[in-house]
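Please open the structure in your viewer and keep the selection tool at hand. Each stop below says what to select and what is there.

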Amino acid sequence: METLMNDLILSSIYEHLYRGATTRDDDFHIMTFCNSGEKGLEARSVVLRSFDKDNNRLFFHTDYRSPKVDMIKKNAESLCLFYSFSLKTQLRIRTISSIHHNDDISNTSWEKVGLSSRKCYLTKYSPSSKIETCDDGLPKELKGKNPSLKESEEGKKNFCVVSNKIKEIDYLYLKSSGHERIAFDVPSGNFNWLAP
């Protein structure tokens, strides 16, 4: 009975992650990605682009020039945090991150990126770099409009995919009749109930 309940919870988690990756207005579409750098811990909101259940991987896109890319190269341990207000559910997912840049994964993902999103990779500035004044760094001719497909290809060199291999899922469900919390060690398939 206990194992069946845990299997149902894990199956539900996977369903929520799949919906988060495929449904724009789902609470799990935006996640907080946390990792460690020279200044200590960093956290930022990113869009969950896909979830590979068979290989236990979460994917998001970022600018290859972003500080988080260098941070991942130096320390691959990371954490992906999700919270659904409607479901009153929090997921803390420990992961090992890797960068895909100019490889099959990034090339395939780039082909699926819409023009409005490709536009983000056309900025002349590296993310987090200091600039003289408030400016997004996009070419003046693209202000207020999307690039053409040809124009957008210039941004491909700045595009990469971050793959996050799931190690552990900490699931917390808040309810008035009694909170529930369980941790799944994904590689081993083991689980432990935790005090909420």
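The model is predicted: local features need pLDDT of at least 70, side-chain atom pairs count only at pLDDT 80 or more, and totals for chains, interfaces and linings use all residues. Residues are numbered from 1 along each chain as its sequence is written, and side-chain values use heavy atoms, with hydrogens and water left out.

Start with Ile-13, Leu-17, Leu-58, Phe-82, Leu-91, Ile-93 and Ile-169, which touch the most other members of the largest nonpolar core, a set of 25 residues. Such a core consists of buried Ala, Val, Leu, Ile, Met, Phe, Trp, Tyr and Cys residues joined through side-chain atoms within 4.5 Å; buried means under 20% relative accessible area, exposed over 50%, partly exposed in between (1.4 Å probe, protein chains only). Five residues, the largest share of this core, come from α1.

Next, select Phe-59, Trp-110, Tyr-121 and Val-161, which are among the six residues of another core, apart from the largest one.

Now turn to the rings. The whole structure holds seven aromatic pairs (Phe, Tyr and Trp rings, the latter by its six-membered ring, with centres within 6.5 Å; planes under 30 degrees apart are stacked, over 60 edge-to-face, the rest tilted). Tyr-83 and Phe-85 pair edge-to-face, 5.0 Å centre to centre with 85° between the planes. Tyr-83 is partly exposed at 30% relative accessible area, and Phe-85 is exposed at 66%.

Finish at Trp-110 and Tyr-121, an edge-to-face pair with 6.2 Å between centres and 70° between planes. Both Trp-110 and Tyr-121 are buried.

Key:
Helices (H or I, at least four residues) and strands (E, at least two) are DSSP runs, numbered from the N terminus.
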